[in-house]
Structures are given as structure tokens and as C-alpha cells.
Amino acid sequence: MTECCQQQSWSMEEVEQILDAYQGQSSALIEVLHQVQHVVGYLPREIQVKIAKALDVSLGEVYSVISFYSNFNIKPKGKHQICVCKGTACYVKGSPEILQRLEKELDIEAGDTTDDGKYSLEVVRCLGACGLGPVMTVDGNAHGSLKPEKAVAILQKYN
Ligand code: FES
């Protein structure tokens, strides 16, 4: 079974419909990547190959666009979404240290998902709670006045 067939809740037919609409239109690559990611949730290699073929571009071109834009994912999102704010207010109150500690704890970099699929780590710009900085959200729940070890402890509540 390929990676992209596991826990599949979307249909390849939906992807094919998008690809049919943009057949041969290499200039629509970014739009197609957005639409397909919206359906599938991420952009596994198997799907990248289909996009390259349909739009008549090289697989390398598809991959370089995906790598360039941080909002494209080649792995499925984790069970729990962690967003660390690096907006100005949080930044000056220490959010880089929070992020660094979480990256070390989870052994991933921002924008990635742990190998066990449990956590995805993202950086965001202002969560609208600047007075509570540094702030992170886990599955949409805000946690403020963080210290690196407090941030790690919070993750233990999300199994
Ligand atoms: S800068 Fe972090 S919540 Fe506004």
C-alpha cells in the first residue's frame, strides 16, 4: 500500500477532476497544488507525479514549487496541530526559545510533522493574544505566558 492510500478519506476522482480542468496548463501549477492539497490534505509524491503529467511540467518543477512555499505539505498533518506565534510581541517575549525547545523535543523543524504522525509544528504571525505572549495554540486552544519547559509540559496533555 502506498503512503497516499493510507487512511484515505478523499477520492482520486476529485483529484482527477481538478487535473482535467487544468490539463496542459503549466502556468496553473500553484493553483492546482492549492486545490489538490485542499482535497487531499497534503501532496504526496504519487500525487505530484499526476500533477506533473497533467500540467505538462517536470516532477522537479512541481517539487521545487512545493518546497518553496511553506503552506504546501508533503506529509499528512499530525493528529495535533501546534502553532507557535512569532509575531513581534511574542518574538520579543521569547517565542524563538519556545519554538527551539519544541523542535528539539519533537525532533522536527517548524513546518514538519513527527514520524509517528502525532504532532505538526507551525509558525504563525500573531494569534491575536499579544498581551499573553509568548503564545502557542494546540488544536486551536491558546496557551500563553509560555516558558520553554511549560510549552513541553502542555504537549503531554495532548496524546
Ligand atoms: S504577536 Fe503573538 S499573539 Fe500577537
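1. Domain bounds here come from an automatic or database domain assignment. In this predicted model, that assignment gives domain 1 (3-68) and domain 2 (80-156), and the centres of domain 1 and domain 2, taken over C-alpha atoms, are separated by 30 Å.

2. Residues are numbered from 1 along each chain as its sequence is written. Because the model is predicted, local features need pLDDT of at least 70 and side-chain atom pairs count only at pLDDT 80 or more, while totals for chains, interfaces and linings use all residues, and side-chain values use heavy atoms, with hydrogens and water left out.

3. The chain contains seven helices and four strands, where helices (H or I, at least four residues) and strands (E, at least two) are DSSP runs numbered from the N terminus. Along the sequence their pattern reads α-α-α-α-β-α-α-β-β-β-α.

4. Helix H1 (residues 12-21) packs with helix H2 (residues 29-40) at an angle of about 170°, and their axes lie 10 Å apart; axes are lines fitted to C-alpha atoms, for helices over the stretch in contact, and angles run from 0 to 180 degrees between N-to-C directions. That angle makes H1 roughly antiparallel to H2, a label used for angles over 145 degrees.

5. Where H1 meets H2, Glu14, Val15, Ile18 and Leu19 in H1 face Val32, Gln35, Val36, Val39 and Val40 in H2, with contact meaning heavy atoms within 4.5 Å.

6. Of the 159 residues in the chain, 40% are buried, that is, under 20% relative accessible area with a 1.4 Å probe, protein chains only.

Definitions and conventions. Angles under 35 degrees count as roughly parallel, over 145 as roughly antiparallel, 65 to 115 as roughly perpendicular and the rest as oblique. Buried means under 20% relative accessible area, exposed over 50%, partly exposed in between (1.4 Å probe, protein chains only).
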